[in-house]
Amino acid sequence: MDDPLRERLLDQARALINHYWAATLALRQQAGLEQVHGYRIAARRLHALLALWRPLIYHPRLERRLLNSVRRLSPLRDEQVYASHFLHHKAASKGDEKEGKGAVAEPVPPKVNMLAVALDGWLDAVQQVPAGFDPLPWYRLQLGLRLSLLLNQSDDEQSAKSKKLKNDKLLRQWHKARVEIKQLRYGCELLVAMGAGDPDWLTLLGRWQEQLGQLQDGRQWYKRLRREKSTAKQQRLLRALRKKGGWQLQRLSCQRGELVGLSLLMLKVD
């Protein structure tokens, strides 16, 4: 095994697998905001690694188990983010923290899989790949095609005509785009780390991920606050969220061309 690229790819794979195992152990010990967030990032990076070697090496059950673990944590993650923005501030303002009132109970650590046996088998398969094989150009094309398909599937009505945050077909579309862009970003991390991608791609996707995350948080908070007992303060907050959501939709629609340009760059054959 005298192939330098292969050595680097194997080192990358081992590092991401070890990172996933460390994040899993941390989450099993404590299901705090930091541990949940850390596990979800580690799992998505690992899933991007599996996609890098697919379809040459494809373990569908391993990928399903990994993604199912991430999905199971989504409600807990949403609850923790909501609590960090609203419940904790509310408790602190009333001075209830000392009395234990209004505090969010520490969640029970969820069961997530180490996947040790499956990942060891997957890594063994990677080590059997003949020297000289380079998956990076193919993966770059795959990511570019995924982004292009995502943009083509999105409705042409992304002009943000509707400004109701509670509404909206646009919000559902952008939510689906957020999930895909998040995974594309982790895929680009693999390319950039190997010198097969432009760091500016990461900057662009990171900015889009942040903007779409803020939009999704606002959508979730709006729905959550509407279900709670209405107060004058909550009504003001709902109006502010609705206004901000409409502005965010308009901005995303105007910036959509950035993603089109990125997909063309990734699909360009050197």
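A pocket is here an open set of grid points where a 1.4 Å probe fits, with protein on both sides within 12 Å along at least five of seven lines. In this predicted model, the largest pocket holds about 980 Å³ of space. Its lining comprises 32 residues, and those closest to the pocket centre are Arg 40, Arg 44, Arg 178, Val 179 and Lys 182. By residue class, the lining of the largest pocket divides into 14 charged, nine polar and nine nonpolar residues.

Two individual residues may now be considered. Ser 263 belongs to helix H8, which covers residues 232–267. Is Ser 263 buried or exposed? Its relative accessible area is 4%, and because buried means under 20%, Ser 263 is classed as buried. Apart from neighbours within four places in sequence, the residues in contact with Ser 263 are Gly 144, Leu 147, Ser 148 and Leu 151.

Gln 127 is found in helix H4, residues 116–127. With a relative accessibility of 27%, Gln 127 is partly exposed, because that class lies between the 20% and 50% limits. Which residues does Gln 127 contact, once neighbours within four places in sequence are left aside? They are Arg 6, Leu 10 and Arg 14. For Leu 10, the C-alpha atom is separated from that of Gln 127 by 7.5 Å, although the two residues are 117 residues apart along the chain.

Terms used. Residues are numbered from 1 along each chain as its sequence is written. This is a predicted model: local features need pLDDT of at least 70, side-chain atom pairs count only at pLDDT 80 or more; totals for chains, interfaces and linings use all residues. Side-chain values use heavy atoms; hydrogens and water are left out. Helices (H or I, at least four residues) and strands (E, at least two) are DSSP runs, numbered from the N terminus. Buried means under 20% relative accessible area, exposed over 50%, partly exposed in between (1.4 Å probe, protein chains only). Contact means heavy atoms within 4.5 Å. On a 1 Å grid over the protein atoms alone, a cavity is a set of points where a 1.4 Å probe fits but cannot get out, and a pocket is an open set with protein on both sides within 12 Å along at least five of seven lines; lining residues have an atom within 4 Å of a point. Grid points are joined across faces, edges and corners, and a volume is the space filled by probe spheres set on the points. Ala, Val, Leu, Ile, Met, Phe, Trp, Tyr, Cys and Pro count as nonpolar, Asp, Glu, Lys and Arg as charged, and the others, Gly among them, as polar.
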